[in-house]
Amino acid sequence: MELRRQHQHGYEFVDEGQGPVLLLLHGLFGALSNWHDVVREFVPTHRVIIPLLPIYDMPLSQAGVPGLVAYVEGFVKAMDLPASFTVLGNSLGGHIALVYTLKNPARVNRLVLTGSSGLFEDSMGGSFPKRGNYAYVQERVGYTFYDPNVATQELVDEVFNVTNSNAKCLRIIAIARSAQRHNLSKELARITVPTLLVWGLNDTITPPPVAHEFERLLPRAELRFLDHCGHAPMMERSAGFNAYLRRFLRTTETTPALAA
């Protein structure tokens, strides 16, 4: 299926399907298409919403984790989403999901993190010395995946074009540095909703020990690994990711009677 972009209330987003809401948040170099296989799998049973985060064009003074969390808060309000919903985040998107949950605990009923920042990440965003070097960008994008062939020419071209813009580079660096400064280790114990961690065993950006640390610090976390998989499991091992996600949604579903 092709993801249909919509524009309303000053936001660009995907909104597909009907049912319980899954709010999906992409990473620093991510895009709506990163979640394509998740959308395709879950639209028959869920309403799947993906806001396009304004990473490349938000005001420089707001370019950081707090500014992006505020953006998501505004989006949720503008879309008039239900009282509570499930939030999923990859990489920086996971970091935003965690801070959003800490600030809005009543709005989030379940949390799904995959390759999330917030504790530690080896990111290329904090130091961008090689503008105009296509081979360097190709290598770094390939570094995201276990199989470098997942980094298609279209994906590499997109990142290369971003890195050739001074204005976009400044925002990327500001956001990446904000994420590195914004360590959540002392705050995660306050997140008490069921949390699914899906990690690539071959993730070199947020390696497996980071996943184990999230599991230790989050009170209701369950951790699942996917082999031959890097930093974006929902792209590289989508069938396995979706299977873990569907099982998690089923086993953590609450009925009105139980909720009462």
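**Entry 1: His-95**

I started with His-95, which is found in helix H3, residues 92-103. The model I am reading is a predicted one. Is His-95 buried or exposed? His-95 has 0% relative accessibility, so I noted it as buried; the cut-off is under 20%.

Next I listed what His-95 touches, leaving out residues up to four places away in sequence. The list is Val-65, Ser-116, Ser-117, Gly-118, Ala-179, His-182 and Leu-184. Two of these names came back when I looked at the side chain of His-95. That side chain reaches the backbone oxygen of His-182 at 3.0 Å. The side chain of His-95 also reaches the backbone nitrogen of Gly-118, at 3.4 Å.

Ala-211 is 116 residues from His-95 in sequence, and their C-alpha atoms are separated by 13 Å.

**Entry 2: Thr-86**

I moved to strand E5, residues 85-90, where Thr-86 has its place. Thr-86 shows 1% relative accessibility, so it counts as buried. What does the side chain of Thr-86 make a polar contact with? I found the side chain of Asn-109, at 3.1 Å.

Asn-109 is also among the residues in contact with Thr-86 once neighbours within four places are left aside.

**Entry 3: Met-234**

Helix H8 covers residues 233-236, and Met-234 lies in it. I read a relative accessible area of 1% for Met-234, so this residue is buried. Which residues is Met-234 in contact with, leaving aside neighbours within four places in sequence? I noted Asn-34, Trp-35, Asp-37, Val-38, Asn-90, Thr-114 and Phe-241.

I also took the distance from Met-234 to Gly-94. They are 140 residues apart in sequence, yet 13 Å apart from C-alpha to C-alpha.

**Entry 4: Aromatic rings**

I searched the whole structure for aromatic pairs and got 7. I picked Trp-199 and Phe-214, whose ring centres are 5.8 Å apart. Their planes stand at 45°, so I logged the pair as tilted. Trp-199 belongs to strand E7 (residues 195-200) and Phe-214 to helix H7 (residues 208-217), so the pair ties together parts 15 residues apart in sequence.

Are these two residues buried or exposed? Trp-199 counts as buried because its relative accessibility is 0%. Phe-214 is also at 0%, so I put it down as buried.

I then noted one aromatic cluster. Its members are Tyr-11, Phe-13, Tyr-71 and Phe-75.

Strand E7 sent me on to strand E8, residues 221-226. The two strands run parallel, and 6 bridges join them. I looked up one partner: Leu-197 is bridged to Leu-223 in E8. What do E7, H7 and E8 make together? I recorded a right-handed β-α-β unit.

I turned to strands E1 (residues 5-8) and E2 (residues 11-16). These run antiparallel, with 4 bridges joining them. Gln-8 has Tyr-11 in E2 as its bridge partner. Tyr-11 is also one of the residues in the aromatic cluster.

How many residues stand between the strands of this hairpin? I found 2 residues there, and His-9 takes a positive phi near 55°.

**Entry 5: Helix H4**

I looked at helix H4, residues 134-142, for buried residues. They are Tyr-136, Val-137, Arg-140, Val-141 and Gly-142. What do they pack against? It is helix H5, residues 153-163.

**Entry 6: The whole chain**

Last, I stepped back to the protein chain. I counted 10 helices and 8 strands in its secondary structure. Of its 260 residues, 55% count as buried.

The C-alpha trace spans about 60 × 40 × 40 Å along its principal axes. I compared the radius of gyration with that of a compact globule of 260 residues, which would be near 18 Å. The chain has 17 Å, which agrees.

Notes. Residues are numbered from 1 along each chain as its sequence is written. This is a predicted model: local features need pLDDT of at least 70, side-chain atom pairs count only at pLDDT 80 or more; totals for chains, interfaces and linings use all residues. Side-chain values use heavy atoms; hydrogens and water are left out. Buried means under 20% relative accessible area, exposed over 50%, partly exposed in between (1.4 Å probe, protein chains only). Contact means heavy atoms within 4.5 Å. A polar contact is a pair of N or O atoms within 3.5 Å; within protein, one must be able to donate a hydrogen and the other to accept it, and residues adjacent in sequence count only if both atoms are side-chain atoms. Rings of Phe, Tyr and Trp (its six-membered ring) pair if their centres lie within 6.5 Å; planes under 30 degrees apart count as stacked, over 60 as edge-to-face and the rest as tilted. Two strands pair if DSSP finds at least two bridges between them. A crossover is right-handed if, with the strands pointing away from the viewer, the path from the first strand over the helix to the second runs clockwise. The radius of gyration is taken over C-alpha atoms; the globule rule is 2.2 Å times the number of residues to the power 0.38.
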